[in-house]
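Dear colleague,

I am handing over the structure we spoke about, and I would be glad if you could look through it alongside the notes that follow.

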Amino acid sequence: VQLQASGGGSVQAGGSLRLSCAASGSILRIDAMGWYRQAPGKQRELVANITSGDSTNYVNSVKGRFTISTDNAKNTVYLHMNSLRPEDTAVYYCNIRGRTIIYSTFDSWGQGTQVTVSS
């Protein structure tokens, strides 16, 4: 299963961006979708995720500003980012987990998309 992420870019503080990540391949079921980020010199951290039951989880620093959503028909996950801050600057990675049509599990990562927020 391959993921294609898009939507990163440069924005001023207070601005908005939307990231998209589409999965392709022999997908039977998706169990969870999420977004992670890694800033220079820091470890990768979970930003937000959503399960097949629509349960969501956000890191405290983005609560109330970011929203994760999905289009299940398109096997796509979005991250809507509002009120962006310079500390949100990072490479953002999508992650999707599930099962293929031959019932093997997959845990796939997107290629990373840069988000830069200037003050």
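**Salt bridges, disulfide and surface**

R29 is partly exposed, with a relative accessible area of 39%, where partly exposed lies between buried (under 20% relative accessible area) and exposed (over 50%), with a 1.4 Å probe and protein chains only. The model is a predicted one, in which local features need pLDDT of at least 70 and side-chain atom pairs count only at pLDDT 80 or more, while totals for chains, interfaces and linings use all residues. Residues are numbered from 1 along each chain as its sequence is written, and side-chain values use heavy atoms, with hydrogens and water left out.

The structure holds 4 salt bridges, a salt bridge being a side-chain nitrogen of Lys or Arg within 4 Å of a carboxyl oxygen of Asp or Glu. In one of them R29 partners D31, with the closest N and O atoms 2.6 Å apart, and D31 is partly exposed at 26% relative accessibility.

R37, by contrast, is buried, with a relative accessible area of 5%. R37 forms a salt bridge with E45, the closest N and O atoms being 2.7 Å apart, and E45 counts as partly exposed at 30% relative accessibility. The side chain of R37 also meets that of D88 in a salt bridge (3.0 Å, N to O). This second pair links distant parts of the chain, since R37 lies in strand β4 and D88 in the loop between β8 and β9, 51 residues apart; strands here are DSSP runs (E, at least two residues), numbered from the N terminus. D88 is buried, with a relative accessible area of 1%, and R37, E45, R65 and D88 are linked in a network of salt bridges.

There is 1 disulfide in the structure, a term that stands for a pair of cysteine sulfur atoms within 2.5 Å. The disulfide joins C21 to C94, with an S to S distance of 2.1 Å, and connects distant parts of the chain, C21 being in strand β3 (residues 17-24) and C94 in strand β9 (residues 90-100), 73 residues apart. The torsion about the S-S bond of C21 and C94 is about 60°, so the disulfide is right-handed, and both C21 and C94 are buried.

Strand β9 also contains N95, which counts as buried at 5% relative accessibility.

Finally, strand β4 (residues 27-38) also holds L28, which is partly exposed, with a relative accessible area of 43%.

Conventions
Helix = DSSP H or I, 4+ residues; strand = E, 2+ residues; numbered from the N terminus.
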